[in-house]
Amino acid sequence: MSTREWGRDLGLGFRFAFTGGREGWIRVLLTAVGVGLGVALLLLTTAIPNALSVRHARDNDRADHTYGPVRPKAANTLVISDTDTEFHGHDVRGRLVEPEGPEAPVPPGLTAYPATGDMVVSPALRELLGSSEGRLLRARLPYRITGTITEDGLVGSRELAYYAGAKNLAPKIDGSRTARIDMYGLTGTPPQSHADPILILLVLVVFVVLLMPVAVFIATAVRFGGERRDRRLAALRLVGSDSRMTRRIAAGEALAGSLVGLVFGTAFFLLGRQFAGSMEVVGISVFPDYLNPSPTLAALVALAVPAAAVLVTLFALRGVVIEPLGVVRTAKPARRRLWWRLLLPLGGIALLAPMIGQGGSDGQFNQYLVTGGVLLLLVGVTALLPWAVEAVVARLHRGSVAWQLAVRRLQLSSGSAARMVNGIAVAVAGAVALQMLFAGVQGDYTKRTGQDVTRAQMQINLSDGTPFRTAADQFRTTKGVRKAVSLGSASLGEKDWKNGPGDTTLLVSGTCASLRETARLPSCRDGDAFVVTGGEDDAAVTKLARPGRVLHLDADHGAGKGPDVRWTVPAGLKPAHAITSPNGTRSSAVLLTPAAVPDRVDRLLDGTVYVMFDKGVPDVSEYTRNTAAKVDPFADVMVWSTTEESRNFTSIRTGLYVGALCVLALIGASLLVTQLEQLRERRKLLSSLMAFGTRRRTLSLSVFWQTAIPVALGLLLASVVGLTLGAVLLKMVGSPLGVDWRSVLSMTGAGAAVVLVVTALSLPPLLRLMRPEGLRTE
Amino acid sequence: MTPPPGSLLTARDLRKAYGPTVALDGAEFSIHPGEVVAVMGPSGSGKSTLLHCLAGIVPPDSGSIMYDGRELSGMSDAERSALRRGEFGFVFQFGQLVPELTCVENVALPLRLSGTPRKKAERAALTWLERLEVDDLGGKRPGEVSGGQGQRVAVARALVTAPRMVFADEPTGALDSLNGERVMELLTDAARSTNAAVVLVTHEARVAAYSDREIVVRDGRSRDMERAV
């Protein structure tokens, strides 16, 4: 068979696609829209790595490392303070800046520094501050807006960010949140972090799981209107076209649809890209021009989609007999064989097996084997499902008329029923496996913070020099706050910190009520001092806290460059027993009531306020943050939770949820089109059934059974394959096997819900098609 | 309206239009039990519309249809469906058999829709398939039988409920003359043996020859030819 013949037949089909009148155009349009949606999703996927790398590069360019040694003031230095905050769950990147000389570098996105009391803001923050929703944030950022940060200073279109001019920042330099710098951006190559193999595995599997149903969807889309087309092709047989030529001509028609689909997909992608600039997903937004598909991957999509269209059509038509008189599929199709269908999932397991137990800290997964293995297992679902549907429906017994009509139809064409639910089954199988993997490794990525949220919900670390004793009073008068406790603390060493402190213990100061949050005190009044044992380091406190002993206070957070501040342990220390403090620690320490703390020591204590509030008061955490900003603009505010999940882990999981939703919606749309098409095909039959008095309920129920049976089988198979894949993946990462039944049920439930919605949406057209008008031929 | 004495189904001044196209324009019709009436006319004359109106499938825009003393237009959709299920039988040009059901299941379908148990319905279906000389096809699907055989199965399906009226719309339109004639013989013989009235829409004179009387429809108007066999 020559290439010329192929080209001629494909070309003929291509022309037929556009010359088939209204019906032909509708078919091309349906295919093109379906393929277009899939292509847009594929292009978006190929653009994501680029978008993330642009975000990463932008973030690197504006990096302002506040950690490290303090450099001297110069013409090219500035003092910068990290004042990041959070508002209604969104991160707000904030910087207070004070240039110290004319050559101080300007960060990307700014042309000049704002004057003291002014700020330049990102467009999204400007919008938020101007709206009623941002009223509380406006109170926290009381600066005059004088400019806008341009795109090169932001990592996303919806990023909330500001630079505010400030003065007298130098005394706040602490080597952590406030620092003197002379450049923005990273110097040299950023250290290559060793990528976590489990996270890489998760990302790979998420991509395969999400893209596989898209591929299934595209394969379904190129078959839209197939049955009607087959009848049309019979006319070609009449004028001498052989069956192979006819199939190639049909493939040419599908090729036309897929090429128009590529154009549609590009258009959908470009439109979607513009739309993407105005939205934020899981806290990440991008500028439209970040979303540039990788040229190689885009070229691959452009080649793979038409090629898939041709192959799918040829494959689909292999069991269809197109006769010159238009008889299509006259006999019962040949029985499906199980053996080769089983080879696919078994091959997938074989590919994954060598990587079992490779998930340790030094482990590496072969990306090709992982992708190939997962792909084969999921393709296995699409291969096994038609066999399973055929095998099961062949054994179904007779029942009501509706049941009989459905079962008989499934027995006659189980393939098209299985195709309808293939996409859902693949998506559910993949999602079940991933949920299992997520549940299995969640423990590794979730750590207990030890924070006791019943005693406090927020911790505010005050900056150096902020009077912590009075701070608590301001929090107590904040709307919704029930209780605020402030404590000051510092480390005590046995020697001068310049030469290493030797043994160390903790000094904590607060009112009697505050100190009772950290220790069980026998009695307490101002002027008392306590030595607390029963905590994490009794030996050091017992050794150091001896009356008359001179201890050395850590004056600059362990750097050893501050003055040597000495403190003599007073006589009359009362013994006390440590209890777990609100932040989860149980410290052996020296506790001092305010009157027992000398002024020179008091000034050096790090203040912390623990706040407990009434969660029922709307925006109570925002009110508390506003108070924190008022008390100390440099304060570090932390919201407490009992557990903390790794950010990467959370992002991947959120990505899966969002992706799974998009994929299910896409598949739902394809299901609906297929369903409607099948109904249209049966229009005359439905009308004649209606003519001899068939109840609408009977036919509606038969449509329901016709969908529900393959869906139930599909979801069952998907669960089995998903659980198998999940078990293999868990073995690969070395986690104990466990099934998260809730997620299995929720994923299968979501799949079933999509099908139910589709069935419900197809009922009105079904009822319309059952009208007697269908019997009219003129 | 008073129907002619002894008539089973009578229609007066039927009018029906599909958009700007007038399908029936004052058509009249009546039929007695056991009578076979052929409705003839060229394509697009309105004969199928007349059949659909008479069978209660399509409501006319105006006019009256009396069946066994009951006015069809006064019935609800559910009542008309029940009437079609229990007392009417249908044969269409292409059989319109349900492709996924076997021939015996197709014939049994109207009985099952009326609530007859499956086994009893299929026994009755087999009897009718036998009468129409296609009992060997019972286990086959419509796609596996010829056009003539399929049409006989369709006739069996129309008669299995022992209807008082059979509506046949071009029942031999898709068959060769030999098969067509055999189907007509079987249909009319079976109908007469059960005293069922048959409304036979056709444009072929040789098919109409099996009727007792002819009505010609042209431009939506009917004319009774009052031809006795």
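Predicted model: local features only at pLDDT ≥ 70, side-chain atom pairs only at ≥ 80, totals over all residues.
**View 1. The open sheet of chain B.** Six strands of chain B make up an open sheet, and their order is 6-7-8-3-9-10. The pairing within this sheet is mixed. Strand 6 (88-91) and strand 10 (221-224) of chain B each have a single partner strand, so these two stand at the edges and one side of each is left without a neighbour in the sheet. From one strand to the next, the twist averages 20 degrees.

**View 2. Strands 9 and 10 of chain B.** Strand 9 of chain B, residues 213-218, runs antiparallel to strand 10 of chain B, and four bridges join the two. Within this pair, B:Val216 is placed opposite B:Arg223, a residue of strand 10 of chain B. In general, the strands of a sheet pair through backbone hydrogen bonds, in either a parallel or an antiparallel manner.

**View 3. The contact between chains B and A.** Here 25 residues of chain B are in contact with 22 residues of chain A. On the side of chain B that touches chain A, the elements giving two or more residues are helix 2 (77-87) and helix 3 (103-113) of chain B. Helix 3 of chain B supplies the largest share of this side, namely five residues. Sorted by class, the side of chain B that touches chain A holds twelve nonpolar, six polar and seven charged residues.

**View 4. A:Asp619, a residue with positive phi.** A:Asp619 belongs to the loop between strand 18 (606-613) and helix 17 (620-631) of chain A. The phi of A:Asp619 is near 60 degrees, which is a positive value in a residue other than glycine. A:Asp619 is classed as partly exposed because 15 other C-beta atoms lie within 10 Å, a count between the limits of 12 or fewer for exposed and 20 or more for buried.

**View 5. B:Asn195, a residue with positive phi.** B:Asn195 is located in the loop that lies between helix 6 (177-193) and strand 8 of chain B. Although B:Asn195 is not a glycine, its phi is positive, at about 60 degrees. With 13 other C-beta atoms within 10 Å, B:Asn195 is partly exposed.

Note on methods. Residues numbered from 1 in each chain as written. Chains lettered and ligands numbered in written order. Pairing = 2+ DSSP bridges. Axes fitted to C-alpha atoms, helices over the stretch in contact; angles between N-to-C directions. Contact = placed C-beta atoms within 7 Å. Nonpolar A, V, L, I, M, F, W, Y, C, P; charged D, E, K, R; others polar.
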